[in-house]
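I set out to record what I looked up in this structure, entry by entry. I begin with charged pairs and then turn to the cores and a sheet.

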Amino acid sequence: MNASRLLVLAMLTSGCGGSAASDRPPTDATEAALQEGERKTSTDPAVNPDAAAMADFKGRVEGYAELHRQLAKGDAEQQKNSTPTQINDAKDALAAKVKAARAGAKQGDIFTSEVRAVFRRLVAPELKGQDGRDAKAVLKDDAPAPGSVPFKVNAPYPENQPLPSVPANLLLALPSLPAPLEYRIVGQHLLLLDTAADLIVDYMLNVGAT
Amino acid sequence: MRRVALIAILLVGLPMAGATQELRLPNKPGSLKFAVIGDTGQPGSGQTGVARQMQAWRARFPFEFALMVGGNLYGSEGPRDYEKKFSIPYKALLDGGVKFYAALGNHDDAGQINYKAFNMGGQKYYSFRPKLGVRFFALDSNYVDDKQLEWLSKELTASGSDWKIAFFHHPLYSSGATHGSADLQRGLIEPVFLKYGVNVAFMGHEHFYERIKPQKGVAYFIIGSSAKLRKGDLRKSALTVYGNDSDYAFMLVEIAGDEMYFQTINDKGATLDTGSIRRAGDVQPGQNVTTQPVVPQAKPSPVQPGPAKPKPAPQTQNPRP
């Protein structure tokens, strides 16, 4: 179990008393692991040597999320309790607006070279050991057909392909994302996906490579 | 001679068929009645057969709503697909007032959260309480991030419900050869279930039916065969109480007090599995009873963690029909 996961579990189990296992105070090793997890994704340069890259990444994804919020209005706004036609029309309108607003976007605008280097360091340990084997199995299990996903900024994720589930250990090792962004891993590559517009916002190749 | 043999088969088969069409649920007035279906979004004879049987059984067992454990729409998701893959096959149920509550599977586009007939309220994970004392939690098992886990913990903590029932796509336990148990999701979700006393989970992804032995006090069901079937995929496993990978199926469920009754039925109307789960009571040694009662009964202060008073694990009764 990695440090990030321990952190989340500790947060979840510290609020209320419950099972015998969770009533135990964290061990020194657990606390050290928690501190390590915080350090890895922190934007505080005092505790994380990658803080600058993490802060930069956070700013870029929040910038995208704000753009999305601005564009997801009027005919591009998804409404609760919609008909399928309304859902598809709003998605298409939103995708068109995002593509127009980001017409000049290119690979690496969000996954900058600094961010890519940090992400590879965060992901590599998660692909080792039993959790790593499980993660690889998940990626293989839910994989879309080879060649079906275009690695291209502003391209739509193909709707007739499964969305690969993101292995939970990888998800918790990476910085969290504001809605509607999600990570997806296709083969060896990491996608940043706008799940409301079904668009590829950015991608990085060979995220598991060290 | 051939005719004699046929008659003999019919004589043996008819009484059995009659017996298996019997409603095995108590059908008590005032109980909560619902259905569970999974991996439904594939038009075909399986989906049609299950939908027809659901409608037919509803005449005897008036369930109010149906849980969908993901795999709601396979392939493209245009307006016509919503019709072909959902609203047409389940039209009789929809017209009859049955509400469907969906969870997202790995083939499901996020746009589904806004589809009126899926009752997701624009959320990838949500909860609802159809009746006092029972709360359902729909999870997005495709993307188990810290936000969702925190949400689940808060919802479970705030829930005063006696029954806590989760439904989602990826099975935390499974004997399937193709997918198997979702170990990574389990590593994150199960501690929350145990901590806050989830009683039952319904899951899909595997295209078969499997009733899992209660794990650490939680009862798990896989019902991913309501429109797709993966014959021969169910491996022999110590996890299984009962499994079926040769029939399209759905579940009828009834909650009355501390008992949850279930009946799993195939697309021909035959009963595959039935039984009940007791939520309260002393832990009794038995085939399907966990010896690890980890579900807390009391809800201590959120500020001061205290020793938990263990709550007995649910017991699964009637292992086979």
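I count as a salt bridge a side-chain nitrogen of Lys or Arg within 4 Å of a carboxyl oxygen of Asp or Glu. The model is predicted, so I note that local features need pLDDT of at least 70 and side-chain atom pairs pLDDT 80 or more, while totals for chains, interfaces and linings use all residues. Residues are numbered from 1 along each chain as its sequence is written, chains are lettered from A and ligands numbered from 1 in the order in which they are written, and side-chain values use heavy atoms, without hydrogens and water.

**Entry 1: salt bridges.** I looked up the pair R279(B) and D258(B), and found a salt bridge with the closest N and O atoms 2.0 Å apart. R279(B) lies in the loop between β13 and β14 of chain B and D258(B) in the loop between β11 and β12, so the pair ties together parts that are 21 residues apart in sequence. I take helices (H or I, at least four residues) and strands (E, at least two) as DSSP runs, numbered from the N terminus. For burial I use relative accessible area: buried is under 20%, exposed over 50%, and partly exposed in between (1.4 Å probe, protein chains only). R279(B) counts as buried at 10%, whereas D258(B) is partly exposed at 33%.

A network of salt bridges links K91(A), D198(A) and D109(B).

**Entry 2: nonpolar cores.** I define a core as buried Ala, Val, Leu, Ile, Met, Phe, Trp, Tyr and Cys residues joined through side-chain atoms within 4.5 Å. The largest has 69 residues, and F57(A), F111(A) and F193(B) are among those with the most contacts inside it. Helix α6 (residues 183–196) of chain B gives the most to this core, with seven residues. Another core, of 63 residues, lies apart from it and includes F63(B) and F250(B).

**Entry 3: a sheet in chain A.** I read the strand order of an open, antiparallel sheet as β1-β2-β3. Strands pair here if DSSP finds at least two bridges between them. β1 (181–186) and β3 (199–204) stand at the edges with a single partner strand each, so one side of each is left without a neighbour in the sheet. Strand β2 (residues 189–194) pairs with β3(A) over five bridges, and L193(A) stands opposite I200(A).
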